[in-house]
Amino acid sequence: MQLPFYTGMRAGEVAALRFEDIGVDRLYVRQSLRPSEGIKECKNGEEREVLVPPQLRDLLIAQAKANPWNQGMKGFVFWGLTEEHPTDQKNWLKFLRRVLENIGYSEPDKITFHAWRHLWCSRMSDEIADKRVLMTSSGHKTEAMLDHYAAHMEQERALEKLRATEEKLLLPILGFDKEDSEIIDAEVKLLPEDDDDEKKEDCE
């Protein structure tokens, strides 16, 4: 749940992440899992980049390395019961509602996974007035959603502004220390494959 909270990514985009989509300081959102169609291009037909802090990136790498299907960088980060499919998105919603119920939330069934995306958009909009900057990371494309289209915005400038705001607003809530957020360019290496033929079940 930390990933959609910090990035505002759609559930299908999170599910479709592969090891190769993890960068040094960002994720490359290239595909999305659609329940009725499988893995497809992103909702608006365009790839984008979203920033992640080093702590979250390391968690994603560890999750990807645990993939039992020996697909290397092509393997899903959130792997499922077969190598062709990532985990079922419904697992995340069940877990979220179970946690809400355990902490005494009165109506957990009314909460959806998409609530993380709404939260991200609303909180970031409080701090960033230029909707074009938000659209760089959110993937929105129409004025009806975020008022402006970010195609002409210089991408790195927009991402740097997003990084500063995410670290200010969201990093402390995840319990991460900003002092540990320095980006170190390191090569991603796979763990050695073992000889255990027993396949793990769904990671969620």
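Is Asn67 buried or exposed?

1. Asn67 is buried, at 12% relative accessibility. Buried means under 20% relative accessible area, exposed over 50%, and partly exposed in between (1.4 Å probe, protein chains only).

2. A word on the basis. This is a predicted model: local features need pLDDT of at least 70, side-chain atom pairs count only at pLDDT 80 or more, and totals for chains, interfaces and linings use all residues. Residues are numbered from 1 along each chain as its sequence is written, and side-chain values use heavy atoms, with hydrogens and water left out.

3. Asn67 sits in the loop between helix 3 (54-65) and strand 5 (79-82). Helices (H or I, at least four residues) and strands (E, at least two) are DSSP runs, numbered from the N terminus. A polar atom of the Asn67 side chain lies 2.9 Å from the backbone nitrogen of Trp69. Leaving aside neighbours within four places in sequence, Asn67 is in contact (heavy atoms within 4.5 Å) with Gly75, Phe76 and Trp79.

4. Now the cysteines. Cys42 is buried at 2% relative accessibility. Cys121 is buried too, with a relative accessible area of 13%. The structure holds zero disulfides (pairs of cysteine sulfur atoms within 2.5 Å).

5. Next, a helix pair. The axes of helix 5 (residues 115-127) and helix 6 (residues 131-138) come within 10 Å and cross at roughly 155°. Axes are lines fitted to C-alpha atoms, for helices over the stretch in contact, and angles run from 0 to 180 degrees between N-to-C directions. The two helices are therefore roughly antiparallel (angles over 145 degrees). Arg117, Trp120, Met124 and Ser125 in helix 5 meet Lys131, Leu134, Ser137 and Ser138 in helix 6.

Definitions and conventions:
Polar contact = N/O pair within 3.5 Å; in protein donor to acceptor, adjacent residues only side chain to side chain. Parallel < 35°, antiparallel > 145°, perpendicular 65-115°, else oblique.
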